[in-house]
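Please look through the following structure before reading on. The briefing below takes up its strands and then one of its helices.

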Amino acid sequence: MVEATSKPARRKCALSIAIPASIVSDVPHLREKTAKIGLLARGAAIFRVEEIVVYLDYGAKDCKEAQKLVCKILEYVSSPQYLRKHLFRKEPELRFAGILPPLRTPDHPLAVRMSGLRAGEYREGIVLTSDREGSLVDIGVEHPLRVMRSLRKGTRITTSITDPARGIGDVVDRDKLGTYWGFRVSAFESSLGNLLSSKRYGAAIATSKHGKNVVEIWETLSQLFACSKNALLIFGSPNEGVASILARENVNLEGAVDVVVNTVPLQGTATIRTEEAVIASLAVFNVMMEGMKLGS
């Protein structure tokens, strides 16, 4: 096990990944589905993904129910352990949540006491009570943090510790933190074609074994990342590639994205599972962006 020596910085070009709701359709049991989603979550966290978008691939069976399952497990594993009792009930989708790996991202700190906190430290929290004088927020230590703002009970917030000795803090915008703060989960209630046409991302990159060899278009991809504030990496399902998923909507893949890339040229297996493709692709792009000094 390799321990990080410092808190990771946010990328200059934020990475989002788009995965289909049917990503776990190739395994029958909830335990296996949970393990697969846990592996995907670890890969996303390791490579500092900011957002996981789960889109509906309507060709798959029960895609809306599948989306609900994938998002629920991703939201659970991405939440700090001390907040889960506030955010989740005993739900059937989380029956095997105990096998999920800990993410150990900066927003998942190890347990400490209030006296162990430092001024300027960030913690995720849930508002417990609120009045005109301020709010009490559970941040995973023995006493709630007092925030001098009236906030709605049950709201999840990111806090900054301002006075550890007195247990006082303030609310901060997680999107403005310089530190990587885990990933968000977005359930996109429509198709991949509609996600791409929304133009929410500065760059759209599709992965496919039929795409261009990543080595041959290394400079093109590097420039795409350098010119974009955020980039969406798109992955297919266990049964269909991105091109086939879009073809059902009469959308041409090459016309809908900036580039189609093969991040695993000369693969040694007949197929690559979606979660494997995600991790392999993120590893390649991490090296690329670090070489360009876009990694932090």
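Two strands are said to pair if DSSP finds at least two bridges between them. With that in mind, the bridge partner of Arg146 is Ile168, which lies in strand 7. The model described here is predicted, and the points that follow are grouped by topic.

- Five strands form a closed barrel, in which the order runs 3-4-5-7-6 and the pairing is mixed.
- Within this sheet, neighbouring strands are turned by 55° against each other on average, with direction ignored.
- Strand 5 (residues 145-147) and strand 7 (residues 168-172) run parallel, and two bridges join them.
- In general, strands of a sheet pair through backbone hydrogen bonds, and the pairing is either parallel or antiparallel.

**Strands 9 and 11**
- Strand 9 (residues 203-213) pairs with strand 11 in the parallel sense, over five bridges.

**Helix 8**
- Helix 8 (residues 274-291) has 18 residues, so at 1.5 Å a residue it should span 26 Å, and this agrees with its end C-alpha atoms, which are 26 Å apart.
- The buried residues of helix 8 include Thr274, Glu275, Ala277, Val278, Phe285 and Met289.
- After helix 8 comes Lys293, a residue whose phi is positive, near 65°.

Technical notes:
Residues are numbered from 1 along each chain as its sequence is written. This is a predicted model: local features need pLDDT of at least 70, side-chain atom pairs count only at pLDDT 80 or more; totals for chains, interfaces and linings use all residues. Side-chain values use heavy atoms; hydrogens and water are left out. Helices (H or I, at least four residues) and strands (E, at least two) are DSSP runs, numbered from the N terminus. The expected span of a helix is 1.5 Å times one less than its number of residues. Buried means under 20% relative accessible area, exposed over 50%, partly exposed in between (1.4 Å probe, protein chains only). Axes are lines fitted to C-alpha atoms, for helices over the stretch in contact, and angles run from 0 to 180 degrees between N-to-C directions.
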